[in-house]
Every structure is written in C-alpha cells, then in structure tokens.
Amino acid sequence: MNENAPMPAWRRIYRICRDAVLFAVGVAVTVAGVRMVVQARDAAAGLAEVAESWVAAPAQIREATVSRSLSHAFWQSRTDKRLISATFSYTFAGREYASSDLGWYARRDAESLVPFSLQVGTQTLGASAYADMALTCRVNPADPAQAKLFCNPETASLSKPVAVTVFGLLIALGTAANLISSIRGKDESPPGKA
C-alpha cells in the first residue's frame, strides 16, 4: 500500500472522538484533583488553627455507635472496625459541655473507640463502655460549646490529591498531542501500513 495514502475519513473521525474523550477524562480528573488539593489544604489550615489556638481539655465518651465486620483481604481474613458517631462531654472553665464533632481523625483514632469485645455488627455503646478511657479534646476558647474530639494531622495529607492531579495531567497531556495530530489529519501508523 502507498505510504502517503491519506487516512480514511472514518478512521480519522474515530481517532478524533477517542482522543477527545480521553482528553476530557484527563481534564476532568485534573480538575477533581485540584479541588481535592484545595480541600486538603483548607483542612490542613483548619487543623493547624485548631492545634495552635484551641485548648486541650479532658473528654469522656457518653455514647458511641461503632461497627465491626469481618472482611477479606487477598487470602487472609481480617477484622474491620470503624467508628460511626460519638457524643462526648468535657469541662471547660468550670462548666460542662457536650459535643459530637469528632474533628479530624485517622483510622487508628476511630478504632481506639471500638472495644475488642464488640461482636460483628453495629452497636451503640454507653458511657460505661468508656469509663476507663482517658481522652483529650480540643476546645475553642472563643466558643467553648465548640470542641473536636480528634485533631490528627495525618488526615490533612496532600499526597493522594496531588497524585490524582498528576494522573489527570498525564492523561490530558498524553492525549493532547494525538488529538492535535488527528485533527490535522496526520497518519500515526508506521511506514508500510495504511
């Protein structure tokens, strides 16, 4: 076949559509990644403000709803534990308050509130289940009714949002050149093939 033969119209249209879709996917993933970066940055700023300006106070769990289920990872069976909600009380400036704002917490923080004796399923546990647990919450001194149980900086990590953004950029940039080439009508096939 002739090396310089023009690309068939259907093939050119197919390539343009394919590359346009991939480019749009790349742009969408990039935009989503940038939004995640902004949200993570804002969370980190909020976390830094709480860590620096809010006051630590002893806290006591009054009620918590926790879930424990068996899940399988590859060939091993493991126990999955997670906290669903909790209400805690704390004393600040001689006055007692209650809050259900867990704040920023990592998985290990949530699991610290799940008793090992809890059977598979979801249960609501009262204050007696947490009587011996010493916890510290962070209280807003400007509004003592506002408090967060956890203030864990690991939850404000930017690594995942940045990875999503870079992945989206690679898709978008990788298909942009092909899209431009397809629109201009240049055949990308190797010599000797139509």
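Q: In what order do the elements of the chain run from the N terminus on?
A: The model is a predicted one. The chain has three helices and eight strands. Read from the N terminus on, these elements follow the order α-β-β-β-β-α-β-β-β-β-α.

Q: What percentage of the residues in the chain is buried?
A: A residue counts as buried when its relative accessible area is under 20%. The chain has 194 residues, and the buried share of them is 31%.

Q: How are helices α1 and α3 oriented to each other, roughly parallel or roughly antiparallel?
A: Two packed helices are described by the angle between their axes and by the distance between those axes. Helix α1 spans residues 9–53 and helix α3 spans residues 159–184; their axes lie 7 Å apart at an angle of about 155°. An angle over 145 degrees counts as roughly antiparallel. The two helices, α1 and α3, are therefore roughly antiparallel.

Q: Which residue classes make up the contact of α1 with α3, and how many residues fall in each?
A: The crossing of α1 and α3 is left-handed. The residues of this contact divide into 20 nonpolar, eight polar and four charged.

Q: What distance separates the C-alpha atoms of A28 and L169?
A: A28 is placed in helix α1. With a relative accessible area of 45%, A28 is partly exposed. In sequence, A28 and L169 are 141 residues apart, whereas from C-alpha to C-alpha the separation in space is 9.5 Å.

Q: Which residues in α3 are buried?
A: Burial requires a relative accessible area under 20%. In α3, the buried residues are P161, T165, G168, I171, A172, T175, L179, S181 and S182.

Q: What is the phi of A93?
A: A93 lies in the loop between β2 (76–92) and β3 (95–99). Because its relative accessibility is 76%, A93 counts as exposed. Most residues other than glycine have a negative phi. A93 is not a glycine, yet its phi is positive, at about 55°.

Q: Is P144 buried or exposed?
A: P144 is located in the loop between β6 (135–139) and β7 (147–148). Its relative accessibility is 19%, and the cut-off for burial is under 20%. P144 therefore counts as buried.

Q: What distance separates the C-alpha atoms of P144 and F92?
A: Along the chain, P144 and F92 are 52 residues apart. Their C-alpha atoms are separated by 6.8 Å.

Q: What distance separates the C-alpha atoms of R95 and P144?
A: R95 belongs to strand β3. With a relative accessible area of 54%, R95 is exposed, whereas P144 counts as buried. The two residues, R95 and P144, are 49 residues apart along the chain, and their C-alpha atoms are separated by 9.1 Å.

Key. Residues are numbered from 1 along each chain as its sequence is written. This is a predicted model: local features need pLDDT of at least 70, side-chain atom pairs count only at pLDDT 80 or more; totals for chains, interfaces and linings use all residues. Side-chain values use heavy atoms; hydrogens and water are left out. Axes are lines fitted to C-alpha atoms, for helices over the stretch in contact, and angles run from 0 to 180 degrees between N-to-C directions. Helices (H or I, at least four residues) and strands (E, at least two) are DSSP runs, numbered from the N terminus. Angles under 35 degrees count as roughly parallel, over 145 as roughly antiparallel, 65 to 115 as roughly perpendicular and the rest as oblique. A crossing is left-handed if the near helix is turned anticlockwise from the far one by less than a right angle, and right-handed if clockwise. Ala, Val, Leu, Ile, Met, Phe, Trp, Tyr, Cys and Pro count as nonpolar, Asp, Glu, Lys and Arg as charged, and the others, Gly among them, as polar. Buried means under 20% relative accessible area, exposed over 50%, partly exposed in between (1.4 Å probe, protein chains only).
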